[in-house]
Amino acid sequence: MNGESYFNFIQEAKLFMSKNNENNFVDYKMPEKESLLVAKQREYLSIAMQKAFENLDDNLVKFESKYSCNGLKVNWAVDYDDVLNKLRSIISKRKVKTANYSNHYIYKEIGLEDLLKKEKVKYTENIADINFIDVDMLVSETGSLLVLDSKMDKTKRINSGSINVFIIGLERVIKSLNDAEIYWKVMYSLLEKKYDTPILLKPKNKENDYLFILDNGRTNMFSMKKQRIALTCLHCGECKKVCPVYNTVGEVSYNNVFTGPIGNIMLPFFEDISSYKFAPYACLLCGNCEKVCPVLLPLKDLILENRIYLFESKNVDSSDKKRYGTYKTTVISRKKMNRSKFFRKLALKRFLTKPLRKKRKFPELSKTTFNQQYIQATQNESR
Ligand code: SF4
């Protein structure tokens, strides 16, 4: 691909839009500051993504047929091993020694860094033999890739004559250029205005340009009627910033690239369910995350849906079941809740098993029960 072909593509796309009587083609100039954060854009994006989602099959087929009209192939990858094997073969055939990539979540998801280490490919900030270019969206009606660029950095790399690899999850497809524009505006406002230039790419070089569309558990999640909406997540990280659980336990306990509220929803479907059945319970249901999500995901409800799903599919440990059973009978019994400090401490010790107590300091219990404190407080108030 060369610089010219990109501009040609813009012209082609404009022509395409005008033929289809749509005169709202993106004019790539910066939108006004004030309009960036308008809630309507988020609402529009949420609806556009959900619509694209409802016809995911259709949109992907349309995308592939438009994309491959230049003779290029879409590489469909079932899981990360699939992508890694194909990358390994490109690296060895093309004798790749240097690579350039960002810290985009998709590279962490597939384990790109480990592969490059094993293949002795070194990271470079200069012109590399292979460029991993972050793709934001697939635009189905034009068969193009939407890439958000900063200071034309990615554009320079793409046009450097090196191998370009584009990897994207299969849920990241939107229908029109108009939707692409709104997506960019929302991302621009979210990510500290870092990505100042949206590029629409239509790779043409069969030898150098490789596109991988990754499943890796996404179709699993897509089969869940209620939870699948979570695939419209933009991975902006806003929900994590306001999550009290995530801010206490941090990234480490997830041992995955998907963490925080959205990780609690996705992980049981993206990974082996038995390893992540704890995830939906790592939530206090405070709802902070829902207030900041740019695509208005009902995160709290989705976490609850996951709990129901795990329970119904018998993915709950018997020890957890027992523990919650005891907890329930205790909290609904006034007699048990009014026990002395000694007995309350004993009961809590049974609930918080040894491994849990090892990691956390045992809470200091009050001498008086909650019931006694409540009565005291209401009596004081009425005096
Ligand atoms: S705030 Fe919403 S879009 Fe952003 S990462 Fe969380 S769930 Fe995804």
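**Exercise 1. Which residues have the most contacts inside the largest nonpolar core?**

Before starting, note that this is a predicted model, where local features need pLDDT of at least 70, side-chain atom pairs count only at pLDDT 80 or more, and totals for chains, interfaces and linings use all residues. Residues are numbered from 1 along each chain as its sequence is written.

*Solution.* 
- Start with the term: a nonpolar core is a set of buried Ala, Val, Leu, Ile, Met, Phe, Trp, Tyr and Cys residues joined through C-beta atoms within 7 Å. Buried takes 20 or more other C-beta atoms within 10 Å of a residue's own, exposed means 12 or fewer, and partly exposed sits in between, with C-beta atoms placed from the backbone.
- The largest such core has 80 residues, and Phe 166, Ile 167, Ile 174, Tyr 183, Phe 212 and Ala 230 have the most contacts inside it.
- Helix 9 (residues 177–190) gives the most to this core, with 7 residues. Helices (H or I, at least four residues) and strands (E, at least two) are DSSP runs, numbered from the N terminus.
- The core also draws at least three residues from each of domain 1 (3–216) and domain 2 (221–312), with bounds from an automatic or database domain assignment.

**Exercise 2. Trace the pairing of strand 6.**

*Solution.* 
- Look at strand 5 (residues 137–139): 3 bridges join it to strand 6, and the two run antiparallel. Strands pair if DSSP finds at least two bridges between them.
- Within that pairing, Met 137 stands opposite Leu 146.
- The two strands form a hairpin with 4 residues between them, and Gly 143 in the turn has a positive phi of about 65 degrees.
- Now take strand 9 (residues 197–201), which pairs with strand 6 in the antiparallel sense over 5 bridges. Here Leu 148 has Pro 198 as its bridge partner.

**Exercise 3. Are Lys 120 and Leu 285 buried or exposed?**

*Solution.* 
- Find Lys 120 in the loop between helix 7 (112–118) and strand 3 (122–123). Its phi is near 60 degrees, a positive value in a residue other than glycine.
- Lys 120 has 9 C-beta neighbours inside 10 Å, so it counts as exposed.
- Go on to Leu 285, in the loop between helix 13 (260–270) and helix 14 (288–292). Phi of Leu 285 is near 60 degrees, again positive in a non-glycine residue.
- Leu 285 is exposed because 10 other C-beta atoms lie within 10 Å.
- For background, most residues other than glycine have a negative phi.
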